[in-house]
Amino acid sequence: MDEMEMEMEKKNKARLRGWFERVDSDNTGSITALQLKRALSVGNLEFPLSVVQQMIRMYDFDRNGTMSFEEFLALNSFLLKLQNTFSDLERGRGFLLPDDVYEASVKIGFTLDSPAFYSVCESFDQSKNGKFRLDDFISLCIFLQSARRNLFNSFDTAKQGRVTLDLNQFVYCTANCRI
């Protein structure tokens with residue numbers, strides 16, 4: 001990273017720090033799901049509280065139920081990756097079609113077979129018209145990332161991309177991956 005990139009990174013981090021401090025209205029050094037939800041809605045990203053809670057769980061490295069600034073930076077990095085991928089594929093329409101969502105999910109690192117992919121799409125197509133707005137797409141990716149990082153990887157100890165679950169493990173997974 002050259003000096004100019006380091007300076008840009010520093011400015012971006014300072015800008016995000018200011019934003020974070022405004023959201024942290026009670027000055028605790030961390031934000032709650034409700035505070036994050038309100039802040040995201042200011043940027044025209046409307047998510048159900050359950051999705052915002054999932055965002056926090058994904059990046060709550062200290063498992064205290066809130067998001068510190070460093071945890072927020074990790075979430076921000078993931079959200080920027082999703083927004084950039086969305087922008088690359090929306091072709092000026094303001095939405096993605098299912099084939100675009102599939103291409104985007106592969107670019108991000110999620111490769112699902114057709115039945116699994118279309119099942120997930122059906123769940124996250126809020127308007128049920130086959131058009132995924134940015135917040136629909138982000139919700140879908142939050143689900144996939146959380147399912148992989150917080151659940152699947154804990155059962156895939158051999159890192160082979162395949163697990164076998166008994167009923168108790170399956171129930172645990174479905175209960176912890178709901179949005």
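Modeller: A salt bridge is a side-chain nitrogen of Lys or Arg within 4 Å of a carboxyl oxygen of Asp or Glu. The whole structure has five salt bridges. This is a predicted model, where local features need pLDDT of at least 70, side-chain atom pairs count only at pLDDT 80 or more, and totals for chains, interfaces and linings use all residues. Residues are numbered from 1 along each chain as its sequence is written, and side-chain values use heavy atoms, with hydrogens and water left out.

Biologist: What makes Arg 91 and Asp 100 a salt bridge?

Modeller: Their closest N and O atoms are 2.7 Å apart, and the limit is 4 Å, so the pair qualifies. Asp 100 also meets the side chain of Arg 93 in a salt bridge, at 2.5 Å from N to O.

Biologist: Why is Asp 100 called buried?

Modeller: Buried means under 20% relative accessible area, exposed over 50%, and partly exposed in between (1.4 Å probe, protein chains only). Asp 100 has 7% relative accessibility, so it counts as buried. Arg 93, at 31%, counts as partly exposed.

Biologist: How do you know that Asp 136 forms a salt bridge with Arg 133?

Modeller: The closest N and O atoms of Asp 136 and Arg 133 are 3.6 Å apart, which is within the 4 Å limit.

Biologist: And why do Asp 136 and Arg 133 get their accessibility labels?

Modeller: Asp 136 is buried because its relative accessible area is 2%, while Arg 133, with 39%, is partly exposed.
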